[in-house]
Amino acid sequence: MIEPSASLRKFLRALQGRRLDEVPWAPLSGPLAESRVALVASSVCLVHGDPHEYVGVEIGDPSFREIDSEVDIGELLARSRGRAGDGAANLERNIALALDGLRAAVAEGRLGELNRRHLALYGPVAATVDVIRKKAPQAAGWLTADQVDVALLVPT
Amino acid sequence: MVLQLLHAALAEVRPPRSLWVPFRSGYALGSPNDPEYRRAVLEAAFEMLEDASLTAPALRDYSTRD
């Protein structure tokens, strides 16, 4: 089991009090083989040409970035001024986005389809409250509008 | 459906469905360039989604998977 570092312990303290008394539950509305799936990755992955590309993603950047579902994995960049986790994302972007794995699952009929877009949020977010109150609901609204059945959250 | 590296975060936030994965930071789907293993992790998540017996908050430990 991973023991949190001092910075992670600080992050976990920011989560205190965020627990929902009643945890929401949504059963699948149909077979997984007919479901539309979106990835939400706490990842530094950016798409080539993203305005953030040239300056790097600032530590704590709370913004969500859209990743087109048809993106060439090789076009993804894992560039930031952060620390841990970036190396793995650079080693293979599928770790960050798992798109190839999900694409294969769709091709095999295990999943219905992938959503037209996926979302990436820089992992070590400093503005936790901003994410919880504003960014995450906004992201959920986007996926709801896209009629996504399953959102798969993958940390970097 | 959440994959999570930090057990402490799961305990604090309690997402509806969580699969705790016993990997280090940056490797939530296992080692690089191992698509079979990565698919196995994803499959464990798929199985949680399909398990109608689960109730919130549902947490599984990937390391104990057969």
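## Basis of the description

Residues are numbered from 1 along each chain as its sequence is written, and chains are lettered from A and ligands numbered from 1 in the order in which they are written. In this predicted model, local features need pLDDT of at least 70 and side-chain atom pairs count only at pLDDT 80 or more, while totals for chains, interfaces and linings use all residues.

## Helices of chain A

Helix α4(A) covers residues 99-107; helices (H or I, at least four residues) and strands (E, at least two) are DSSP runs, numbered from the N terminus. Its buried residues are L99(A), G101(A), L102(A) and A105(A). Seen down the axis of α4(A), these residues fall within an arc of 165° and so line one face of the helix; the arc is that of the directions from the helix axis to the C-beta atoms. A residue is buried if 20 or more other C-beta atoms, placed from the backbone, lie within 10 Å of its own, exposed if 12 or fewer, and partly exposed in between. After α4(A) comes G109(A), with a positive phi near 85°.

Helix α5 of chain A, residues 128-145, contains I132(A). This residue counts as partly exposed because it has 16 C-beta neighbours inside 10 Å.

## Chain B

Chain B has two helices and three strands, in the order β-α-β-α-β from the N terminus on. Its C-alpha trace spans about 35 × 25 × 20 Å along the principal axes. Of the 66 residues in chain B, 41% are buried.
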